[in-house]
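Visitor: Hi, could you walk me through this structure? I'm new to it.

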2 protein chains.
Amino acid sequence: MYAGPVQDLIDELGRLPGVGPKSAQRIAFHLLKLPKEEALRLARAVVEMKERVALCARCFNVSEGDECGICTDARRDTRVLCVVEEPRDVVAVEKTHEFRGRYHVLQGAISPIEGIGPDQLKVRELLARLEPEQISEVILCTNPNIEGEATAMYLARLLAPLGLRVTRIASGLPVGGDLEYADELTLGRALEGRREVGA
Amino acid sequence: MYAGPVQDLIDELGRLPGVGPKSAQRIAFHLLKLPKEEALRLARAVVEMKERVALCARCFNVSEGDECGICTDARRDTRVLCVVEEPRDVVAVEKTHEFRGRYHVLQGAISPIEGIGPDQLKVRELLARLEPEQISEVILCTNPNIEGEATAMYLARLLAPLGLRVTRIASGLPVGGDLEYADELTLGRALEGRREVGA
């Protein structure tokens, strides 16, 4: 119904995750009304990103070079690996300043419903890193939801016989949270993971 | 926190209407994982649209030429104008096949909250068309919501002294709708707009 290039843009926008036909239309008309220079900034940002950014050859985090800034940082502890699902999780962990090792980004989590099994993830690549990099600990830092837990359990079983430390991040009440409003699963996990405190 | 080009893209995406920081991140990583050719299709669609599409010089609908396909269509009735808010409304009216006149796209509706008054809309341009195009009827086809009604009332008052027919689209129950589930405003409008039926 729209002039060709407008419909083409609506179609392309509609392919993006979380963008339905209505939002695609809304975004397209927004771009149409925008000064040309501003609209082209979006196009350039896509091109720039695709030309300059790829996945790190070692850990599959986003990277501007062959290997990412964390993998090439000589100050990081190379023997501890934090396994996460997505690059955004690397950012989340980095923000804590609690981790000085390296990462391994699986590029997803096991999800039978979506047809994602270990072969669709960077699991083989994780196994291949363990010996040459002399990894002593693997921290399973996948999301505490069904897919993330399944992935962590799968990896825990896979890594168990290899004689290295395998840990899972704690589940429990969020800091600043309220017992009264915690769901029973989280509170159950918090109890299960209780720790001795000094007198 | 992300490699420069990724963050730049997230920023640009976050400027789009209805795209929050989380969706911007999700879309950026989606584009990162996509084959280069597919991701660049989006960039090209934006460029194409900005280079080939503009607003019709006469009615402000989207147009690939100086004037849009409807304004240049010799079979349309040039004396009846359907005034709508946005190009998408032109598409909606065209789909009914009930209208054979031309359009005038206001590019929005009066909204004091958003600081949009008649000066921000194509109202002056509407007035300027009436005499040279010998318009005999103006159909006020803005949305039946607060902004659209305010815009219609404003235009009705403005056009009243000019000696042409000014009409407003009917409000009422949607076809296939159910009296029981209609909101009282709509049902009130349906009663108010009741029409005599033949015996």
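Guide: What follows is a short talk about the two chains and one residue. This is a predicted model, where local features need pLDDT of at least 70, side-chain atom pairs count only at pLDDT 80 or more, and totals for chains, interfaces and linings use all residues. Residues are numbered from 1 along each chain as its sequence is written, chains are lettered from A in the order in which they are written, and side-chain values use heavy atoms, with hydrogens and water left out.

Visitor: How many residues of chain A are in contact with chain B?

Guide: On chain A 52 residues are in contact with 52 residues of chain B, contact meaning heavy atoms within 4.5 Å.

Visitor: And how many salt bridges are there between chain A and chain B?

Guide: The count is 4, a salt bridge being a side-chain nitrogen of Lys or Arg within 4 Å of a carboxyl oxygen of Asp or Glu. One such bridge joins the side chains of A:Arg41 and B:Glu12, at 2.7 Å from N to O.

Visitor: New topic: is A:Arg102 buried or exposed?

Guide: A:Arg102 has a relative accessible area of 10%, so it is buried, as buried means under 20% and exposed over 50%, with partly exposed in between (1.4 Å probe, protein chains only).

Visitor: Which residues is A:Arg102 in contact with?

Guide: Leaving aside neighbours within four places in sequence, A:Arg102 is in contact with residues including A:Arg58, A:Asp77, A:Arg129 and A:Glu133.

Visitor: Where does A:Arg102 lie?

Guide: A:Arg102 lies in strand 4 of chain A, residues 102-105, strands being DSSP runs (E, at least two residues) numbered from the N terminus.

Terms used. Helices (H or I, at least four residues) and strands (E, at least two) are DSSP runs, numbered from the N terminus.
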